[in-house]
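The sequence and the model come first.

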Amino acid sequence: MTCLMHRVFTFNNQAVDILPQWRLFSTESGDLVDAVVPFMGESITDGTLATFLKQPGDRVEVDEPIAQIETDKVTIDVASPEAGVIQKFVAKEGETVEPGTKIAVISKSGEGATHVAPSESAGEKAAPPPPTGKVEEKQKPKAEAAPVAEKPKAPSPPPPPPPKRSATEPQLPPKERERRIPMTRLRKRVAARLKDSQNTFAMLTTFNEVDMTNLMKLRSDYKDAFVEKHGVKLGLMSGFLKAAVSGLQNQPIINAVIDGDDIIYRDYVDISIAVGTPKGLVVPVIRNADKMNFADIEKEINTLAKKANDGSISIDEMAGGTFTVSNGGVYGSLLSTPIINPPQSAILGMHSIVSRPMVVGGNVVPRPMMYIALTYDHRLIDGREAVFFLRRIKDVVEDPRRLLLDI
């Protein structure tokens, strides 16, 4: 048998409490094992069988992925419980499956596929050839009787020809030039959360601009030494995250959240980073960012971004952020109004760096400038705190020495 969920069974007249086991047991034959959907997380009850990575007859090893389950948060692999040959699939792509659902049967000896297939094919071959004799004679009257039964229907008036179209009817594209693809669970989840955010929060966005000259010079001067010591490139995101930490510490209300009639203040800073992936937007969390240096932040960003893009990121790595940073500038966005990531209270939007004429010391000079935006929940955060927060971001990015001196 296969233990799929936490249940109580009776064995030898005694109640036995069976704990969840996602590693499968052999079937009664001893040679066949079932591959089932694993536990997918506390808040995930089902998923969609997105794709099979193997085919019936393929050889698989222990813990080798054979299928992928797409949930509204992450993509989860279904691994083979034993080494063997896939005998058959018992679920179809696109089906909704729950933890414990059987999706495939695997033969440990590799003989299961050839043992079951002939019996099925034999049954299929036995059915098509009809026996000779009276059966053929009985079938002929049925074939001849069919047209007789259809004759009374012939006098019915034919349906009107559909091609008639009024002159004012809009010219729609032919159906053969359209494609209908079901939304992924992740895309549906993102759409629902963003709409809920708009319906719940009193969102307001404030803007500022940042001169990137000094931060870019800092990166240019120390990029080689930074890579040599820390093994990771020095980017701009670490500078903005350190600036965001400083801003959140100066304006703790932006790191807080409304819970019913209460305000919860967080004495820690877990910053979510919005990452666009081929399957949709995910927001992995950099935990305790207030205790990390530039190198720690860059390493964590690289690790989480890689996991997000290859689909191996876990639910725990995307839960519990207190503030979000979204960098639309990597795609060329000049200005935007980001939407708050529930249940947080604010989000910082970064944008592309553009050389613009600026007045510096009474002279007009070209400067690499970036627009930054803060969308915040006006129920909790007043405009004063929001503007002071963005001003702190601007001051720290334009003069990173402030971080060293804590001024």
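Arg59 counts as partly exposed, at 46% relative accessibility. The coordinates are those of a predicted model. Arg59 is one partner of a salt bridge with Glu61, the side chains meeting at 3.8 Å, N to O.

**Salt bridges**

- The count of salt bridges comes to 13, among them the pair of Glu61 and Arg59.
- Glu61 is partly exposed because its relative accessibility is 43%, between the 20% and 50% limits.
- Side chains of opposite charge can pair when their charged atoms come close.
- Arg367 forms another salt bridge, with Asp211, and the closest N and O atoms are 3.6 Å apart. This pair links distant parts of the chain: Arg367 is in strand 21 (residues 363-377) and Asp211 in strand 11 (residues 203-211), 156 residues apart.
- Asp211 is buried, with a relative accessible area of 15%.
- Asp270 and Arg287 also meet in a salt bridge through their side chains, at 3.7 Å, N to O. Here too the pair links distant parts of the chain, 17 residues apart: Asp270 is in the loop between strand 13 (262-264) and strand 14 (271-273), and Arg287 is in the loop between strand 17 (285-286) and helix 6.
- Asp270 is buried, at a relative accessible area of 7%, whereas Arg287 counts as partly exposed, at 33% relative accessibility.

**A buried glutamate without a salt bridge**

- Glu298 sits in helix 6 (residues 294-310).
- Glu298 is buried and has no salt bridge. The nearest side chain of opposite charge is that of Arg219, 7.6 Å away; this pair is not a salt bridge because the rule requires a nitrogen and a carboxyl oxygen within 4 Å.
- What does the side chain of Glu298 make a polar contact with? The partner is the side chain of Ser238, at 2.6 Å.
- Leaving aside residues up to four places away in sequence, Glu298 touches Phe226, Val232, Lys233, Leu234, Gly235, Leu236, Met237 and Ser238.

**The chain as a whole**

- The chain contains 8 helices and 21 strands.
- Of its 407 residues, 35% count as buried.
- Among contacts in the chain with a separation of 6 or more, 62% are between residues 24 or more positions apart.
- The accessible surface of the chain is about 24,600 Å², and carbon and sulfur atoms account for 54% of it.

**Nonpolar patch and a neighbouring loop**

- Phe207, Leu334, Leu335 and Val354 make a nonpolar surface patch of about 330 Å².
- Leu334 lies in the loop between strand 18 (323-327) and strand 19 (346-350).
- Ser352 touches Leu334, and its other contacts beyond four places in sequence are Gly329, Gly332, Ser333, Met369 and Met370.
- Ser352 is in the loop between strand 19 and strand 20 (353-360), and is buried at a relative accessible area of 13%.

**Backbone geometry**

- Most residues other than glycine have a negative phi, and most peptide bonds are trans.
- Is the peptide bond from Pro342 to Pro343 cis or trans? The bond is cis, with omega near 0°.
- Pro343 lies in the loop between strand 18 and strand 19, and Leu334 is in the loop between these strands as well.
- Asp63 has a positive phi, near 65°. Asp63 is found in the loop between strand 5 (59-60) and strand 6 (65-70), and is partly exposed, with a relative accessible area of 45%.
- Asp406 also has a positive phi, near 55°. Asp406 is in the segment after helix 8 (401-405).
- Asp406 counts as exposed because its relative accessibility of 66% is over the 50% limit.

How values were computed. Residues are numbered from 1 along each chain as its sequence is written. This is a predicted model: local features need pLDDT of at least 70, side-chain atom pairs count only at pLDDT 80 or more; totals for chains, interfaces and linings use all residues. Side-chain values use heavy atoms; hydrogens and water are left out. Patches are made of residues with over 30% relative accessible area and no salt bridge: like charges are joined within 9 Å, nonpolar side chains (Val, Leu, Ile, Met, Phe, Trp, Tyr) within 5 Å. Accessible areas come from the Shrake-Rupley method with a 1.4 Å probe; for residues, only the protein chains shown count as cover. Helices (H or I, at least four residues) and strands (E, at least two) are DSSP runs, numbered from the N terminus. Buried means under 20% relative accessible area, exposed over 50%, partly exposed in between (1.4 Å probe, protein chains only). Lys and Arg count as positive and Asp and Glu as negative; His and the chain ends are not counted. A polar contact is a pair of N or O atoms within 3.5 Å; within protein, one must be able to donate a hydrogen and the other to accept it, and residues adjacent in sequence count only if both atoms are side-chain atoms. Contact means heavy atoms within 4.5 Å.
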